[in-house]
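Please open the structure in the viewer and keep the sequence beside it.

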Amino acid sequence: MRSTIKDVSERAGVSIKTVSRVLNNERYVGAATREKVEEAVRALNFRPSLAARSLAGRRSFQIGLICDNPSPAYVYAMQTGIRDRCEADGVRMIAQPYDRNSGRLLEEVEALVATSHLDGLILTPPVSDHDDVLDYLKQRGVRVVRVSPGRRPEASAAVFIDNRAAAAEVTRHLLARGHRRIGHIVGQRDFATSAHRREGYLSALAEAGIAPEPELIEQGDYDFASGAHAAEAMLSLAHPPSAIFAASDDMAAGALAAAHRRGVRVPAEVAIAGFGDDPLASYVWPPLTTMRQPVRDLAWNAADLLLAPEETFEQRELPHALMVRDSTG
């Protein structure tokens with residue numbers, strides 16, 4: 001038979017209320033008492049139901065993730081990182097996909113909040129900068145943690161990397177390889193990260209005394225097809241770039257495919273770098289030089305902030321790292 005909270009209480013020799021406090025990770029429980037309860041939980045293989053825990057307090061032990069990204073690797077890493085952190089507290093994650101082009105985002109968020117009784121929400125770009133959504137959640141008193149927001153730092157806790165510095169580092173790597181005509185494929189227009197990475201690219205060029213050339217900056221959509229299209233345009237120029245920096249690994253892989261189709265050797269004739277360090281970066285040939293964005297760690301830290309006992313507005317920056325591979329020589 002399935003063990004109950006009463007069984008745990010009797011084995012640990014404490015009250016049911018004390019067991020509940022330990023299970024809910026509340027304060028004001030002594031270390032020795034907490035250890036006795038946790039030992040009883042393990043011995044009895046006790047698994048409290050979310051419904052029972054919800055009835056015992058005002059929490060639902062469920063948090064939501066609103067994520068829309070063209071990269072399946074990003075979405076998977078985001079969900080995995082959040083689940084890893086939630087598992088430690090016995091909390092369930094509800095992932096809510098959406099179509100940013102439908103015009104129904106706010107309506108879908110309202111429905112999710114109304115029907116799920118969530119303890120909080122994690123927002124990823126570009127929702128992390130959606131004013132109507134942020135204002136609605138603040139009005140409803142919903143706790144929020146944002147991933148890689150571009151503005152309104154006072155609106156919520158947030159986790160991020162320094163995208164400007166990271167993009168500048170990739171560009172400096174290409175400059176150090178002797179490249180002076182460096183193309184850039186920009187990410188989706190409504191992502192703050194796209195603008196930040198473009199700014200980092202431009203700042204590194206400025207440091208080197210190189211004026212940006214409009215024909216070497218192409219708009220992309222953070223996906224393979226747009227990267228290939230943008231690279232085709234650059235490689236078709238009378239004076240093509242000797243290096244291309246794409247703001248995502250998917251776009252960099254598209255640029256790599258475009259170079260292969262045209263018979264342009266990588267990196268001998270054009271060096272290609274990406275951003276993200278998705279698994280894809282190691283699978284393509286040649287493997288991509290890229291900036292590692294620790295998506296799983298960003299997700300874990302976002303959940304960690306959301307599950308804190310008290311609401312926090314901490315701004316938590318994580319480190320990035322340049323991964324040099326064969327695509328840049």
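Select Ser242, which lies in the loop between helix 10 (224-235) and strand 8 (243-246); helices (H or I, at least four residues) and strands (E, at least two) are DSSP runs, numbered from the N terminus. The model is predicted, so local features need pLDDT of at least 70 and side-chain atom pairs pLDDT 80 or more, while totals for chains, interfaces and linings use all residues. Residues are numbered from 1 along each chain as its sequence is written, and side-chain values use heavy atoms, without hydrogens and water.

Ser242 counts as partly exposed because its relative accessibility is 23%; buried means under 20% relative accessible area, exposed over 50%, and partly exposed in between (1.4 Å probe, protein chains only). Next, display the neighbours of Ser242: leaving aside residues up to four places away in sequence, Ser242 touches His179, Arg180, Arg181, Glu269, Val270 and Ala271, where contact means heavy atoms within 4.5 Å. Then select Gly141, 101 residues from Ser242 along the chain; their C-alpha atoms are separated by 52 Å.

Now move to Ser9, in helix 1 (residues 5-12). Is Ser9 buried or exposed? With 9% relative accessibility, Ser9 counts as buried. Ser9 touches Val14, Ser15, Ile16 and Val19, not counting residues up to four places away in sequence.

Finally, select helix 1 together with helix 2 (residues 16-23): they pack at an angle of about 105°, with their axes 9 Å apart. Axes are lines fitted to C-alpha atoms, for helices over the stretch in contact, and angles run from 0 to 180 degrees between N-to-C directions. The contact involves Ile5, Lys6, Val8 and Ser9 of helix 1 and Ile16, Val19, Ser20 and Leu23 of helix 2.
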